[in-house]
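Please find below a short note on this structure, written for someone who has not looked at it before.

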Amino acid sequence: MRVVLDWDGTVTETDSLHMVLDEFGDREVFQRVEGGLAGGSISFREVMEVEFATVTAPLADVVAFLVENVHVRPGFRELAVHDPLVLSSGFESLIRPVLAREGVELEVRANRIDDDPEGWRIVWRDPEPCETCGDLCKRRSLPPGPVVFVGDGYSDRCAALAADRVFARDGLADWLDRKGLGYERFEDFYEVATALEGLARDRVGGAVDARTRNTGRK
């Protein structure tokens with residue numbers, strides 16, 4: 001079962017995209033469009049494109065700021081042993097330097113950025129709207145087979161619905177509560193890693209029991 005991690009607000013304790021917008025973007029625009037997303041009057045794609053068009057700083061400056069200031073959630077290195085896929089609505093060029101700082105190498109599926117000095121432009125990894133939710137989301141980028149999804153926010157909703165097991169916190173947990181859908185709440189990755197290790201033991205135990213039944217051994 002493949003583990004899939006959201007990045008911002010999940011791996012990172014604070015949403016690093018919000019940190020970029022707060023430090024280098026237009027706070028008034030950020031507050032206005034985030035309110036529109038919450039109210040359903042603007043799509044996720046529109047929110048991201050409007051927000052990051054207000055960022056004009058060189059990519060290298062933004063990366064240096066994030067490497068210095070981003071904190072990853074406790075237990076991240078322990079969870080990384082399970083070789084999770086990082087699936088983010090953010091930008092690969094902002095994620096990989098933080099992974100390198102942590103000494104962790106993982107597969108990353110995320111968008112790219114063109115740091116135009118007139119305003120950043122997003123190069124979407126999957127630019128077609130999702131057939132399920134109608135917006136740009138992560139569902140189609142999930143790996144094949146059973147998935148454990150770990151997330152926290154708006155862009156995680158559709159992917160969480162397609163997962164076999166969900167660990168959630170913050171906005172994603174609240175949304176799943178309102179929908180009456182099951183999930184496991186977490187605060188740090190030690191909890192997630194422990195649950196996954198228990199799942200692995202159960203699977204091994206089940207396989208041993210099956211072999212015993214098939215051979216007649218006790």
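1. Which residues lie nearest the centre of the largest pocket? Of the 26 residues that line this pocket, Asp15, His18, Gly153, Tyr154 and Ser155 lie nearest its centre. A pocket is here an open set of points on a 1 Å grid over the protein atoms alone, where a 1.4 Å probe fits, with protein on both sides within 12 Å along at least five of seven lines, and lining residues have an atom within 4 Å of a point.

2. Please keep in mind that this is a predicted model, in which local features need pLDDT of at least 70 and side-chain atom pairs count only at pLDDT 80 or more, while totals for chains, interfaces and linings use all residues. Residues are numbered from 1 along each chain as its sequence is written, and side-chain values use heavy atoms, with hydrogens and water left out.

3. The elements that give two or more residues to the lining of the largest pocket are helices H2 (16-24), H3 (27-39), H4 (44-52) and H9 (170-179), together with strand E2 (85-91); helices (H or I, at least four residues) and strands (E, at least two) are DSSP runs, numbered from the N terminus. H4 gives the most, with five residues. The space in this pocket comes to about 560 Å³, a volume being the space filled by probe spheres set on grid points that are joined across faces, edges and corners.

4. The second largest pocket has a volume of about 230 Å³. Its lining consists of 14 residues, with Cys133, Asp135, Tyr154, Arg157 and Cys158 the closest to its centre, and helix H8 (residues 157-162) gives the most to that lining, with three residues.

5. As for strands, which pair if DSSP finds at least two bridges between them, E1 (residues 2-5) runs parallel to E5 (residues 147-151) and is joined to it by four bridges, with Arg2 having Val147 as its bridge partner. Two bridges join E1 to E2, again in parallel, and there Leu5 has Val86 as its partner.

6. In helix H5 (residues 59-69), Val62, Val63, Phe65 and Leu66 are buried, that is, under 20% relative accessible area with a 1.4 Å probe and protein chains only, exposed being over 50% and partly exposed in between. Seen down the axis of H5, these buried residues fall within an arc of 160°, so they line one face of the helix; the arc is that of the directions from the helix axis to the C-beta atoms. On the other side of H5, Ala60 and Glu68 are exposed.
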